[in-house]
Amino acid sequence: MNFISIPFQRFLKFLILLPVLLLLTGKPVSAENHFRVESIPRGVKQGEVCFVSISGPPSLKSIYVKFQGAKFPLAFSEQNSAYEGLIGIDMDTRPATYEMKIVTPDGGSGIHLSNLSLKVEKVDFGIQKFSLPSAMVDLDRKTLERVDKEARQLKSLFQVFRDERLWRGAFIRPVEGELSAAFGLRRMINGKRQTPHTGVDFRAVEGTPVWACNSGMVVLVEDLFFSGKSVILDHGWGFYSMYFHLSEALVKEEDRVGKGAILGRVGSTGRSTGPHLHWGIRMNGARVDPIYLLNIKSQIPGSGLTK
Ligand SMILES: [Zn+2]
């Protein structure tokens, strides 16, 4: 579904409704502020990444979207005279209509510019069945301890919110190769239900270079049980990208990398059935489908985020 460009008629209706919404929230936009919602999703899918644009004066210190307790900051785009940003919807968000707030802090608890509703729709992610050596599925106690420790390590890593935005503009595909496993697949391995697929897989020849999807800071280079040789980038504002099953990593922790920098090479390390890149994205802890990031560029021509 294309939620990015609101058809003109719906947009007009929305403009008419906006003062009503603001009256209902009891926090009207002050007369000197001229904000207008240019593009905001009203209905999204589980695992979706959405573009938000709110036009207004460039004077604000900060403005963000609050959804499900998470804060998604917006950046001012000179080109569009608008505050723009991305919000991520976790793959397991219960399908329902939620409240989404646009907030600009005023030195206190913040002003709610507007309360908007966001409907999250269910996605049938499908099932993937495959077999692996039983040592990779029926884990012994020692391996289970390792897996638990690594899961806790990653969880606490993703909780770190860097105030500085390191990413700029459009996101790029991190490897050349065809998509071999989509996001969200519910997996049955050796006939047993396993954790869902929280990224996308690109099949590629061993040794193929793996590129940073955007600029960021290397925050993890490690050999993990499931993910094998892994690199994780922090792009700032709670935004992380992951590159798993590498044959080798070519960066080290705390390296600053630019968009397109070589992070490592495709391999089949960890729990893997053949050479491929697993690419995953976390946005404020939300597990989202990375493919949305690649599509955002074409959906928003002229946006300051897509330079
Ligand atoms: Zn994968």
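Why does Gln68 count as partly exposed? Gln68 has 17 C-beta neighbours inside 10 Å, and therefore counts as partly exposed. The scale is this: a residue is buried if 20 or more other C-beta atoms lie within 10 Å of its own, exposed if 12 or fewer, and partly exposed in between, with C-beta atoms placed from the backbone.

Before I go on, two remarks on the model. It is predicted, and local features need pLDDT of at least 70, side-chain atom pairs count only at pLDDT 80 or more, while totals for chains, interfaces and linings use all residues. Residues are numbered from 1 along each chain as its sequence is written.

Now the overall picture. The protein has 3 helices and 22 strands; these are DSSP runs numbered from the N terminus, helices being H or I with at least four residues and strands E with at least two. It has 307 residues, of which 36% count as buried. Take the contacts between residues at least 6 apart in sequence: 67% of them join residues at least 24 apart. Contact here means that two C-beta atoms, placed from the backbone, lie within 7 Å.

Back to Gln68. It is found in the loop between β4 (64–67) and β5 (70–73). Most residues other than glycine have a negative phi.

Asn190 is another such case, not a glycine, with a positive phi of about 50°. Its loop lies between β12 and β13. Because Asn190 has 14 C-beta neighbours inside 10 Å, it too counts as partly exposed.

Three strands form it, open, in the order β10-β12-β13, with mixed pairing. β10 (127–130) and β13 (192–193) stand at the edges with a single partner strand each, so one side of each has no neighbour in the sheet. Two strands count as paired if DSSP finds at least two bridges between them. β12 (residues 186–189) and β13 pair in the antiparallel sense over 2 bridges. In β13, Lys192 is the bridge partner of Ile189.

Last, a glycine. Where is Gly285? Gly285 sits in the loop between β21 (276–283) and β22 (286–288). It counts as partly exposed because it has 16 C-beta neighbours inside 10 Å. Setting aside neighbours within four places in sequence, Gly285 is in contact with Ala70, Phe158 and Gln159. Gly285 and Gly88 are 197 residues apart in sequence, and their C-alpha atoms are 8.9 Å apart in space.
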